[in-house]
Structures are given as structure tokens and as C-alpha cells.
Amino acid sequence: MKKNTKHTILKTENLSIGYNSKKASSVIADSINIQLRQGELIGLVGANGIGKSTLLRTLTAIQKPLSGTIYINDKSLENYASVELAKTMSLVLAEQLMSKNLSVFELIALGRQPYTNWVGNLSENDISTVNKAIEHTNISDLKHRKCFELSDGQLQKAMIARALAQDTDLIILDEPTTHLDMYHKAYILKLLQKLAKNTNKTILFSSHEIDLAIQLCDTIIVMTTNSVVSNSPCNLIERGIFETLFPKDLISFNKKTGNFRVK
């Protein structure tokens, strides 16, 4: 019952995603109706090439939907000005950092850009917000190091801290565990779970780590060739949704353990 009383941060109504060309539209997925609630960790999963990145790009206004509507805090995404959107949604994308010569503190402070004056000076409140983000992600010992000195896992934590410093209702991450070993994959996703709970922010991430997502997420969005389904991991398991993700001749899903295995 509690779950249904949480404020909805993002929702879609009959969303259709894909690409427009002069000749025709290429539909990746349609009839997408999802809700992301406050304080929840939401995983977006599906096979390679299924359209996860296209969905994230559409939800973040990087590309336009073919049809349908995206609402953030009950306001249509298309009605947000860029600065207003930057105060509502923060992104951690898979692209490489442009300048790794920044210190970790300087990188995280970039998250305050929507709030600073035109010179970019940090106020006492900005500095306090940055330091809180550093504490939340447990990287105080990295604060003064250069980004080029960091491991992939350390850099990912710093990027998450930058998104936290932006102080938005919604944080969206595209494949945050790419290039990480199993320990650091689990560490990053466990950190996201903790942040959603402790900061009451809504955190959506795409991932191939479906087993970990099942264990850690409040809600999972599953993309298949036929549909986009959103529900709690337990309900999705009961409905047999995960069994439709991969060809059954090689990969099977065990409902009891919540794990995939090779046949």
C-alpha cells in the first residue's frame, strides 16, 4: 500500500520511441506506459540492441518521441526549459569524460552549474552540497586527486556524486557498470540502492546485470521485442517475464533462485 502513495516523478503515456527519416518512421517500441516513483531504484533491462539506450535518450529529451507524452512531476517534458530540466533531472552517460585533468572536487562541482551565476562562482551552499555528495558516495579520500588518476570504479563513483550535487529529483544512468569487474558492478548498484533510500531521489539505470537488478531494484522495466513491462521484480518473476528475454535453447531462467543459467 505504501508504494502506491509515493509521488510519481516520471511517467509516460502511450509513448512510442524510434527514429524518423524522410521516407518513414522506424519504431523501436510503442505503447510504453511506465511510472518512476520517488525514492525508488529502477533498473531498465533487455537484450543487446533491444532499444534501452533509445528509451533513455527519449526520456532525457536527447531525442524526440515518435508519439505519446513524457511527464516529469506532472509537467510535459517538452514544456521544460533547459535550465529548469537540469534542476529536475541529472544524467550519468556512458561517454568518456572530456577532461580528466580536473580534480574530483572540480568534477563534482560541475553538477552545480544550473545554480551558479554566469561567472560560475560557487556559493557556500554549493560547496556544502558538493561535500555532501562526496560523503554520500564515500569518496572523501579522492577529493583532491585528478580524474586521470582514478580507476574506472572510482571515476564512476565521482560521476554519480556529480549527479547528486546537481540536486535533482531524478537521476538517470546509462550502463553505469560497464568495464567494471563483478565486485565493482555489485558495489555501484548497491551504492545506487543506498542513495535512493537515503536521499529519496528516483534513480533509473540501464544494465545488462539482470541478476543484480532483480536483487536490488524496487522496480524493473523489461524491454522485449514485443513489449515494455514495468513492475516489481517479484511480480515480473511470477508472470514469467524474464523467461522471454533470451532464446530458450541456450539461456534459462530459474524462478526459484531469480538467476539465469547457461544450459
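## Basis and helix α2

Buried means under 20% relative accessible area, exposed means over 50%, and partly exposed lies in between, with a 1.4 Å probe and protein chains only. This is a predicted model, in which local features need pLDDT of at least 70 and side-chain atom pairs count only at pLDDT 80 or more, while totals for chains, interfaces and linings use all residues. Residues are numbered from 1 along each chain as its sequence is written, and side-chain values use heavy atoms, with hydrogens and water left out. Helices (H or I, at least four residues) and strands (E, at least two) are DSSP runs, numbered from the N terminus.

Helix α2 covers residues 52-59 and is largely enclosed by the rest of the structure, because six of its eight residues are buried. These are K52, T54, L55, L56, T58 and L59. After α2 comes A61, which has a positive phi near 70°.

Strand β9 (residues 202-206) is mostly covered, with five of its five residues buried. In a regular strand the side chains alternate between the two faces of the sheet. In β9, T202, L204 and S206 point one way, and I203 and F205 point the other way; all are buried.

Two strands pair if DSSP finds at least two bridges between them. Strand β4 (residues 41-46) pairs with β9 in the parallel sense over four bridges, and L41 has I203 as its bridge partner in β9. Strand β8 (residues 170-174) also runs parallel to β9, joined by five bridges; here the partner of L173 is F205. β8, helix α7 (residues 182-199) and β9 make a right-handed β-α-β unit. Right-handed means that, with the strands pointing away from the viewer, the path from the first strand over the helix to the second runs clockwise.

A salt bridge is a side-chain nitrogen of Lys or Arg within 4 Å of a carboxyl oxygen of Asp or Glu. A search of the whole structure finds six. One of them joins D167 and K201, with the closest N and O atoms 3.1 Å apart. This pair links distant parts of the chain, 34 residues apart: D167 is in the loop between α6 (152-165) and β8, and K201 is in the loop between α7 and β9. D167 is partly exposed at 43% relative accessibility, whereas K201 is buried at 11%.

K185 and E209 form another salt bridge, their closest N and O atoms being 3.3 Å apart. K185 lies in helix α7 and E209 in the loop between β9 and α8 (210-216), so the pair ties together parts 24 residues apart in sequence. K185 is buried at 14% relative accessibility, and E209 is buried at 17%.

## K75 and the aromatic residues

K75 forms a salt bridge with E84 (2.8 Å, N to O). Its charged end also sits over the ring of Y80, 4.8 Å from the centre. Such a contact requires NZ of Lys or CZ of Arg within 6 Å of the ring centre and within 35 degrees of the ring normal. K75 is partly exposed at 28% relative accessible area, as is E84 at 32%. K11 lies over the face of Y71, at 5.5 Å from the ring centre.

Rings of Phe, Tyr and Trp (its six-membered ring) pair if their centres lie within 6.5 Å; planes under 30 degrees apart count as stacked, over 60 as edge-to-face and the rest as tilted. The whole structure holds four aromatic pairs. Among them is the tilted pair F242 and F253, 5.3 Å centre to centre with 40° between the planes. F242 lies in the loop between α9 (233-238) and β12 (251-254) and F253 in strand β12, so the pair ties together parts 11 residues apart in sequence. F242 is buried at 1% relative accessible area, and F253 is buried at 11%. F242, F246, F253 and F260 form one aromatic cluster.
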